[in-house]
Amino acid sequence: MISVGIHPDLVIAKTTKNDQGTLVVGVKEVAEVNPLDALNASGSVNFNKKEQDFLIYPPKQTNFDGASLDTEGLMKAIAEVKDPLHTILRQYTTDSNIKWDIFAGTDVTAANLAEELKKTSTWNKIYSNIVDQFITMMKPYVGETGKPMRMLFVRQSKAKHFPKLRTRFLDSNPFIEPMTVPAAASKLKYTKYELENGLDKADSVGGAQQVSKADAQQAEALFS
Amino acid sequence: MYAFLQGLTLKDTGRQRKPKENSPLGFTLRIFANGEVYPSKELVTKFNLEYTNKNNENKGYGIDVIDSVDWTPTANLPRMILLGITPKTEAKVDLFATCRYDTETGNPKSTVITQGSTSETLLNLVRSMGYLTEDQKYCDLELVLEHPITMEDGIANIPKLIEKGDRKGEKTYERRENVTFYAVNTVENLAEMKTSPVATPEATTTVETN
């Protein structure tokens, strides 16, 4: 497993859909391990390469409170799915080779955008377009070990310590860059918001709260 | 005393930069000891370096300056100064990227040849390479046009230094797409290399990114 943090020497090892049609982006470590050094090192030896699948879920048409998003909110929700994928593609090819047509097969026009985005069929088609087009465009680069990447993963939330891809403000806060960029010049850094909210922490501390033994005994005493 | 003030009426015509005879010949840049850099007319024409009207969508090109040892794809080649011909609209272009415009017409207030640019990066490089000594007022850098350098995938993440703020001086990088880079050397050195080709540094037309 690859945890929350900044990791060198990764490649996109898989881009596929699961049986629910959700995009799966697999990331795998490719750093060369010198077996002699590894065996001579203190501690246990682990030859397994770290890997992690990231599920890129469809965007939601509602906010956290369950209220419907307005048109701007819907557009942002789509962008939060598409932008990380676009950022990944840009590591392998130039902008002129990245061609999205996310409204293909829908009736969306500039005039009816607000209405069309509310339709479930249109909404689902947009997600499936993004997924299919990303998989197609990534095909030549999947598993390309000759161009390893450095990647930053954020914690899903305070409560959930699993890693996820950053989805917003990616131009100024990228989450992926080629290893040819020296570590000293890396742009992969946690934002002030992420740091303040512990989204750079891989452990479960600060997330789902562990109840101490003393607290548990105190609570139990209240009901005995 | 002060007779020259008699009957004098002043007129403010604004700050005027005195036209300089700074423009070198050939596909060259002239860099002065204070860091000012001026392109030749030939270079301006060849790479479309001239400033255009503020409303013109085609803004032309500027120049990125790279120390080859700081850039991973060229780090193992003999050290050289590389210049990248980059759209002016990109971020942090070192030379000839910005100018002042006439507020009414939107035209540039000066040409790229008269305005020039100032680059501490290039000045430090020509000093460290020995191209510009303390005794010299300037040196002329010529582009090695016969060996253009491109990236295999079109993507170049070129080294830059953060120039402002709390992180000033720290290393960073900027992405460039489909930019062609050229090595430069002094006009004198290149002329000498042409007569003794053994001394010419090896250069490749395509740089491996890994």
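This is a predicted model: local features need pLDDT of at least 70, side-chain atom pairs count only at pLDDT 80 or more; totals for chains, interfaces and linings use all residues.

Q: How do you know how much confidence the predictor has in chain B?
A: Its pLDDT, a score that runs from 0 to 100, averages 88 for chain B, and 89% of the residues score at least 70. For the complex, the predictor gives an ipTM of 0.79 and a pTM of 0.82.

Q: What makes B:Leu122, B:Leu123, B:Leu125 and B:Val126 of H3(B) count as buried?
A: Buried means under 20% relative accessible area, and these four residues of H3(B) are buried in that sense.

Q: Why say that the buried residues of H3(B) line one face of the helix?
A: Look down the helix axis: the buried residues of H3(B) fall within an arc of 165 degrees, so they line one face.

Q: What do the buried residues of H3(B) pack against?
A: Strands of chain B, namely E1 (28-32), E2 (36-39), E3, E4 (81-87) and E6 (138-143). Contact here takes heavy atoms within 4.5 Å.

Q: Which elements of chain B each supply at least two residues of the lining of the second largest pocket?
A: Helix H3 (120-128) does, along with strands E3 (61-67), E5 (117-118), E8 (155-161) and E9 (171-177). The pocket has a volume of about 880 Å³. Of its 36 lining residues, the closest to the centre are B:Asp94, B:Thr121, B:Lys160, B:Leu161 and B:Glu163.

Q: What makes up that lining, by class?
A: The lining of the second largest pocket has 14 nonpolar, 12 polar and 10 charged residues.

Terms used: Residues are numbered from 1 along each chain as its sequence is written. Chains are lettered from A and ligands numbered from 1 in the order in which they are written. Side-chain values use heavy atoms; hydrogens and water are left out. On a 1 Å grid over the protein atoms alone, a cavity is a set of points where a 1.4 Å probe fits but cannot get out, and a pocket is an open set with protein on both sides within 12 Å along at least five of seven lines; lining residues have an atom within 4 Å of a point. Grid points are joined across faces, edges and corners, and a volume is the space filled by probe spheres set on the points. Ala, Val, Leu, Ile, Met, Phe, Trp, Tyr, Cys and Pro count as nonpolar, Asp, Glu, Lys and Arg as charged, and the others, Gly among them, as polar. Buried means under 20% relative accessible area, exposed over 50%, partly exposed in between (1.4 Å probe, protein chains only). The arc is that of the directions from the helix axis to the C-beta atoms.
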